[in-house]
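Hi there,

Here is the structure I said I would pass on. Could you open it alongside this email and read the notes with it?

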Amino acid sequence: MHMLIELKNVSYIYEQEPPVTALEKINLNIEPGAFIGLIGHTGSGKTTLVQLLNGLIKPTSGQVIVDGKDIGENKKGLKDIRRRIGLVFQYPEHQLFEETVYRELAFGPKNLGLDKDEIDIRIREALNLIGMDFDKYSDRSPFNLSGGQQRKIALAGVLAMKPGVLILDEPFAGLDPRGRKQLTELLKRLHEQQNISFILISHRMDEISYLATRILALKEGHIVLDGSPAEIFSQPEKLKEIALDIPQLTEILFRLQKKGLEVRSDIFDIEQAADEIIDKLRSRNIC
Amino acid sequence: MNQIEMKHVGYQYNKTGEQALIDIDLTIRSGEFVGIVGSNGSGKSTLARLLNVLLEPTEGQVLIGGLDTHKRENVQQIRQKVGMVFQNPDNQLVATKVEDDVAFGLENLGVPSSQIRRRVDRALEQVDMQDYRDFSPHQLSGGQKQRVALAGILAMEPSCIVLDEPTAMLDPRGRKEVMSVVQDLNQQKNITVVYITHVMREASRTDRIIVMSEGKIVRRGQPAPIFADIDFMNKIGLSVPPVTELAVALRKKGLNLPDIMDVDELVKCIC
Ligand SMILES: Nc1ncnc2c1ncn2[C@@H]1O[C@H](COP(=O)(O)OP(=O)(O)OP(=O)(O)O)[C@@H](O)[C@H]1O
Ligand SMILES: Nc1ncnc2c1ncn2[C@@H]1O[C@H](COP(=O)(O)OP(=O)(O)OP(=O)(O)O)[C@@H](O)[C@H]1O
Ligand SMILES: [Mg+2]
Ligand SMILES: [Mg+2]
């Protein structure tokens, strides 16, 4: 289950006129069990990076190594890697292709060689995990669903494969607030209880800060920041320079500090932040 | 003047399916900036598609500047009045050069080329992209692409713009850029704006919000009092901005705070 992913000197160039260098000499180790938050301005190379990780595209130069093996040199192994490293695409309409939701969700498990009953169980489980009703949706065409519903189905399709590493490219885009919250809690639970490693791409700093154990920031194809959420989000000026921002909660805690209330600023959970503020207000008895 | 009037509007995608919209009554005045929020599948995009006649209502009537969308002879005129911007600018940008992209819609309308030039220039200026006219759209950032998509719509000189989750794929800077361009257009050019979003922080910056649930409008009015009813918002699958959520958590723990919508307010109230 546990996989170590390594990138050695990886560059990727889109061959077109003029060529676009999307990634340049990336070196990176992703340790088993990590929850990586991958952030960066639009066009910084995030999607390109995760497509390299599960072998959808091959590096122009350098190596992608999974559990000690270069995935470029092992064609048979590649199929296995795509099963174990699940990728939910940035645009779900690029992922969906079957006529019904049921068949869409059956596709991956079928490829794993599972029998009919097991496939049915997996589909029900996956729909349940993302909070969509089996009877209501299983016969619908995925293409006639609303934007947010399509995204959830694409995610369920990957969950039904039970991958050891789950890569999500902007999974919150298009989800309503309840859907975002449910997905956030689901990812946290899967990470804590089932030992799945995660790579989460998102422009939403609120969710990234709450979930990630390590954050990588890309800028123009280079990794420019690498650290814990507390380290990354203590640099608001630096983040703004690269088109990013800090979570709203962090902004509030910084502003309170400036006003002389000595709250910690490395809290990314609303309840905990509220406790911290009350605590500091009591002990100072000012304001 | 009323820009948009929906009278008892219903919409059903297929005869056996459920109603995507049920008995919608909505009037939007010229120059208003209206936000639409609602859970997944609540009918927001369907409503938007009725406004520029991508769909016709299966019940009731939609009037744009007084013109009925049911009447075939009105369709072209309505599409000139109402411009649509979608979530993903890549689906909207077709040409290899920014200025050609902005001109595309005008050429389709058969606008004379002397006029096209002028209108493209002006549209690019309005979104502050005049320096990028010779760029290829793929050389632009997401926020810049979304500006170009917006310029393509502005060149058509619509009196109303409908944006369906225009910032979902943008980085934080791009998100702020698009919001401020739209606000300027509304305030300075008096363009009517209908802004669909799942980001409550964005919705809280509009004049008036429409809250949808299961095909119906369930709340309408100024953002602050609507967001103050957190229990209701949660019940229909929505939320409130993080700052409001924190304020509520603090209140539950005994701090005396009013309804709060922005960071400045909260900081002032605590310290
Ligand atoms: N299929 C492609 N052909 C040519 N260039 C591409 C292609 N896909 C991406 N690029 C370019 O490669 C660079 C990196 O793109 P990538 O999609 O990895 O960025 P991203 O960080 O995922 O951005 P976003 O946040 O907008 O999704 C960009 O300059 C982009 O224009
Ligand atoms: N092409 C279609 N054919 C059949 N039903 C559809 C079609 N498009 C949407 N629907 C259904 O109509 C209802 C309203 O969908 P709509 O796309 O308007 O929702 P929305 O509020 O925009 O949702 P989201 O936030 O997910 O984009 C949903 O139940 C959806 O499944
Ligand atoms: Mg991307
Ligand atoms: Mg929609």
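First, some housekeeping. This is a predicted model, in which local features need pLDDT of at least 70 and side-chain atom pairs count only at pLDDT 80 or more, while totals for chains, interfaces and linings use all residues. Residues are numbered from 1 along each chain as its sequence is written, chains are lettered from A and ligands numbered from 1 in the order in which they are written, and side-chain values use heavy atoms, with hydrogens and water left out.

**The interface**

On the chain B side, 46 residues are in contact with 51 residues of chain A, contact meaning heavy atoms within 4.5 Å. The two chains bury about 3,900 Å² between them, and 58% of that is on carbon and sulfur atoms. Buried area here is the accessible area (1.4 Å probe) that two parts lose on being put together, summed over both. Within chain B, the residues that lose the most area to chain A are Asn40(B), Met169(B) and Lys253(B), which together make up 17% of what that side buries.

There are six salt bridges between chain B and chain A; the rule is a side-chain nitrogen of Lys or Arg within 4 Å of a carboxyl oxygen of Asp or Glu. In one between Arg255(A) and Asp264(B), the closest N and O atoms are 2.5 Å apart.

Several helices of chain B, including α5 (142-155), α6 (172-189) and α11 (263-270), each supply at least two residues to the side that touches chain A. Helices (H or I, at least four residues) and strands (E, at least two) are DSSP runs, numbered from the N terminus. The helix that gives the most to this side is α10(B), with six residues.

**The four-stranded sheet of chain B**

This open sheet has the order β2-β1-β4-β5, with antiparallel pairing. Two strands pair if DSSP finds at least two bridges between them. Its edge strands are β2 (19-29) and β5 (67-68) of chain B, each pairing on one side only. Helix α1 (residues 44-51) of chain B packs on the sheet and touches β1 (2-12), β2 and β4 of chain B, with a direction about 125° from that of β1(B). Such angles run from 0 to 180 degrees between N-to-C directions, and the axes are lines fitted to C-alpha atoms, for helices over the stretch in contact.

Five bridges join β1(B) to β4(B), and Ile4(B) has Ile64(B) as its bridge partner in β4(B). On the β5(B) side, Ile64(B) stands opposite Leu67(B), while Leu63(B) is partnered by Asp68(B). The strands β4(B) and β5(B) form a hairpin with two residues between them, and Gly65(B) in the turn has a positive phi of about 55°.

**Side-chain pairs**

Over all chains, the search finds 30 salt bridges. One of them joins Arg214(A) and Glu31(A) at 3.0 Å, N to O. Arg214(A) lies in strand β9 (residues 214-219) of chain A and Glu31(A) in the loop between β2 (20-30) and β3 (35-40) of chain A, so the pair ties together parts 183 residues apart in sequence.

Thr100(A) sits in the loop between β6 (85-88) and α3 (101-111) of chain A. A polar atom of its side chain lies 3.1 Å from the backbone nitrogen of Arg103(A).

Best wishes

Technical notes:
Polar contact = N/O pair within 3.5 Å; in protein donor to acceptor, adjacent residues only side chain to side chain.
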